[in-house]
Amino acid sequence: PGVDDPLPLVINEVLAHPAAGESAWIELYNPTGYEAALGGWAIIDTLGTRRTLPPAILPPQSYHLFTLAELRQAGGGFALRSQGGTLRLQAAAIGMIHPYEHIATYRVAPRGVASGRHINTAGQERFALQRANSPGAPNAPPAVGPVVMSRIMARAERGLEFIEFTNVTDQPVPLFDPDRPANSWRLNGVLFVFPVGIVLPPHGKLVVTTQEPLTVCGGYRVADDVRVLGPLPLALADGGQRLALERPLPPTTDGVVRYVVVDEVAYTNLPPWPRLTERGASLARIRLSDYGDDPLNWRRGQRADDLIQPAGVAPVVDLCSFDVYRNTEGLLMIEWATRSEEQVTGYALWRSADSRREHATPLTREIVAAQGDADQGAGYSWVDDAADQQVDYTYWLVALGPENTQVDVAFTAVRPALYELRLPFVYR
């Protein structure tokens with residue numbers, strides 16, 4: 001209180017694991033329309049080592065690079081760690097108070113790859129590996145792929161949760177270190193390690209589920225050429241969590257294997273993320289080549305587009321005939337025959353007087369029990385003895401299955417009556 005507020009300078013880009021012959025560095029950015037005086041500001045590394053910045057003027061919308069050697073000139077100890085870490089940029093203190101601080105968490109990175117500040121379309125700040133280093137210039141977009149999470153089913157239907165992965169390249173991608181096949185990729189957040197030997201073909205897909213693969217392949221319909229892996233050690237959180245697909249780097253000289261983030265998503269069930277209010281709704285990525293940790297790059301997925309579909313739940317009828325007619329006694333007969341019936345527990349009949357399905361009402365007072373099976377069909381007959389003789393009804397045949405599923409099989413109207421015309425016999 002009583003003094004000017006500091007400008008909101010930010011840590012914009014960090015190269016912590018330089019290639020041979022390069023220097024590690026930290027880039028600051030002034031996003032405001034005013035000059036910023038850096039004198040008295042400080043950068044603090046992961047272990048708390050503090051370096052006060054020398055006097056300098058940072059013009060509006062401009063960048064300033066500090067090499068690791070420059071930050072160490074006032075003494076050793078300050079470090080940028082190849083295993084990732086946290087940096088804090090603090091404004092000059094006013095008494096014992098630091099009125100402004102910006103925190104950046106940089107990740108494990110391959111040699112020569114920088115982590116950069118990225119603002120997604122929802123205005124959220126992220127620090128991600130970049131497609132290219134950009135010291136002294138606007139940051140390059142976050143690196144994407146070669147494999148991304150393309151669909152997430154976190155609110156399971158019938159207990160099956162899954163994550164779908166897609167290879168976004170034209171080349172096969174081994175989900176392990178080709179030089180050390182025992183070191184495979186992993187999915188952080190649910191503690192899943194990919195089996196050794198998995199290769200995702202160009203533009204191919206695979207699914208990791210919360211159930212055993214044998215159970216999924218036997219109890220569901222899985223799209224062609226899709227590999228099913230699992231089970232996930234931890235269930236996906238309905239309310240949201242962070243998922244990170246990671247690949248191993250070559251071991252360090254002391255044998256430590258570090259992992260680089262290939263793709264990540266920190267989804268929630270709150271806006272601006274799509275609201276998944278019912279079971280069976282998934283998150284579907286809109287643009288696979290765009291950054292994944294962006295709520296506006298996801299939509300509510302359609303169940304029909306999932307690679308895994310329920311099997312053996314909805315009734316399936318191979319219908320041979322469905323006929324409605326008046327017999328010689330004037331009774332309205334409803335008859336149908338099937339070639340095969342799968343998961344059919346019975347049939348119901350509906351009718352309407354105006355040919356509109358939404359106006360139809362149940363006709364049968366009780367369910368007509370199914371008599372066929374997956375190998376053979378059956379014939380059925382029903383008399384509509386409550387029909388109004390003056391109304392031209394439309395009839396619907398509805399198959400009933402497990403878990404109260406219903407499927408409209410066919411509809412038809414009353415067959416027109418046949419009239420017999422007798423001609424007199426003429427003798428010649």
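Q389 is in contact with R326 and G330, leaving aside its neighbours within four places in sequence. The model in which these contacts occur is predicted. The side chain of Q389 also makes a polar contact with the side chain of R326, at 2.8 Å.

- Q389 belongs to the loop between strand 33 (379-384) and strand 34 (394-400).
- With a relative accessible area of 49%, Q389 is partly exposed.
- L332 is 57 residues from Q389 in sequence, and the two are 9.0 Å apart in space, C-alpha to C-alpha.

**Q90 in strand 8**
- Q90 is a residue of strand 8, which covers residues 85-90.
- Its relative accessibility is 7%, so Q90 counts as buried, the limit being under 20%.
- A polar contact of 2.7 Å links the side chain of Q90 to the side chain of E101.

**Aromatic pairs and the F165-F194 contact**
- Ten aromatic pairs are found in a search of the whole structure.
- In the pair formed by F165 and F194, the ring centres are 5.6 Å apart and the planes stand at 75°; the pair is therefore edge-to-face, a class that requires an angle over 60 degrees.
- F165 lies in strand 13 (residues 160-167), whereas F194 lies in the loop between strand 18 (192-193) and strand 19 (199-200), so the pair ties together parts that are 29 residues apart in sequence.
- Both partners are buried: F165 has a relative accessible area of 1%, and F194 has a relative accessibility of 2%.
- F165 and F194 form one aromatic cluster together with F192.
- Not counting residues up to four places away in sequence, F194 touches F165, L175, S184, W185, R186, L187, L206, V208, L229 and L245.

**Arginine over aromatic rings**
- R186 lies over the face of Y259, at 3.7 Å from the ring centre.
- R357 is placed over the face of W350, where the distance to the ring centre is 4.9 Å.

**Strand 20 and its partners**
- Strand 20 (residues 205-209) has four of its five residues buried and is therefore largely enclosed by the rest of the structure.
- Strand 13 and strand 20 run antiparallel and are joined by five bridges.
- Within this pairing, E164 has V207 of strand 20 as its bridge partner.
- Strand 20 also pairs with strand 22 (residues 227-229), here in the parallel sense and over three bridges.

**Nonpolar cores**
- The largest nonpolar core has 30 residues, of which I152, F165, L187, F194, L206 and Y267 touch the most other members.
- At least two residues of this core are supplied by each of strand 12 (147-157), strand 13, strand 20, strand 23 (240-248) and strand 24 (259-268).
- Strand 12 provides the largest share of this core, with four residues.
- Another core, of 27 residues, lies apart from this one; among its members are V10, L28, W41 and L80.

Terms used
Residues numbered from 1 in each chain as written. Predicted model: local features only at pLDDT ≥ 70, side-chain atom pairs only at ≥ 80, totals over all residues. Heavy atoms only, no water. Phe/Tyr/Trp six-rings, centres within 6.5 Å; stacked < 30°, edge-to-face > 60°. Buried < 20%, exposed > 50% of the residue type's maximum accessible area, 1.4 Å probe, protein only. Lys NZ or Arg CZ within 6 Å of the ring centre and 35° of its normal. Pairing = 2+ DSSP bridges. Core = buried A, V, L, I, M, F, W, Y, C linked by side-chain atoms within 4.5 Å. Contact = heavy atoms within 4.5 Å. Polar contact = N/O pair within 3.5 Å; in protein donor to acceptor, adjacent residues only side chain to side chain.
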